[in-house]
Amino acid sequence: MATRPTNRPTRRSFRYLGAGSVGAESTPRMRVSPATATAARWPRASGVLLPVTGLSAGHGIGDLGPGARGFLDFLARAGQRYWQMLPVTPHGRCRSPYDTISSFAGSPALLSLDLLVEDGLLRADELRPIGNRAGRVRYAEVIPAKRQAIELAFSRIDTRPELVRALAAFHER
């Protein structure tokens, strides 16, 4: 007994779109496959693959601060719809975004020290600049320097009651 090929749409797999539905502009009623209906709901769009660490920041590694916001603004002006990132988890011994010590945690190296300065938790003169050498992140310098700055900012959070409340609310979620 012959079986029906599974990659071919059956009569039941089609649905009718009435007037006013997506894809029904040319005829008042038309038959479309599920794949066509999905494509009509999700129009073509393009984007860019860029790791967060590749953004420009003055602290040796790109982060989720003003540089990321500026990049998003650039994408919007360029008509791009998507920013595909590499994983933003803490890296393991190989310093690869795919060799991570946690699949749930975010990397502290991607926290923006500039935003901590804006929030008054750090002073600009407390940050030591770490440059990139030939476009490479010097993790041996960046990670300890950022960790020290983040710990200093966290030690000062008690001076900002609104941040203490926001942190407590976050913990309760």
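Which residues form a nonpolar patch on the surface? Select L64, M85 and V88: together they have about 220 Å² of accessible area. (Areas are Shrake-Rupley with a 1.4 Å probe, and only the protein chains shown count as cover for residues; patch members have over 30% relative accessible area and no salt bridge, with nonpolar side chains of Val, Leu, Ile, Met, Phe, Trp or Tyr joined within 5 Å; a salt bridge puts a Lys or Arg side-chain nitrogen within 4 Å of an Asp or Glu carboxyl oxygen.)

Before going on, note that this is a predicted model, with local features needing pLDDT of at least 70, side-chain atom pairs 80 or more, and totals for chains, interfaces and linings using all residues. Numbering runs from 1 along each chain as its sequence is written, and side-chain values use heavy atoms, without hydrogens or water.

Stay on L64, in the loop between β3 (47-49) and α2 (66-77). L64 counts as partly exposed because its relative accessibility is 43% (buried is under 20%, exposed over 50%, partly exposed in between).

Now colour by secondary structure: five helices and four strands, in the order β-β-α-β-α-β-α-α-α (DSSP runs, H or I of at least four residues, E of at least two, numbered from the N terminus).

Next, the largest pocket, with about 650 Å³ of space (an open set of points on a 1 Å grid where a 1.4 Å probe fits, with protein on both sides within 12 Å along at least five of seven lines; lining residues have an atom within 4 Å of a point). Select L111, L116, F154, I157 and L167, which lie nearest its centre among 16 lining residues. Then show α3 (113-118), α4 (139-155) and α5 (161-172), each giving two or more residues to the lining; α5 gives the largest share, four.

How values were computed: Grid points are joined across faces, edges and corners, and a volume is the space filled by probe spheres set on the points. Patches are made of residues with over 30% relative accessible area and no salt bridge: like charges are joined within 9 Å, nonpolar side chains (Val, Leu, Ile, Met, Phe, Trp, Tyr) within 5 Å. Buried means under 20% relative accessible area, exposed over 50%, partly exposed in between (1.4 Å probe, protein chains only).
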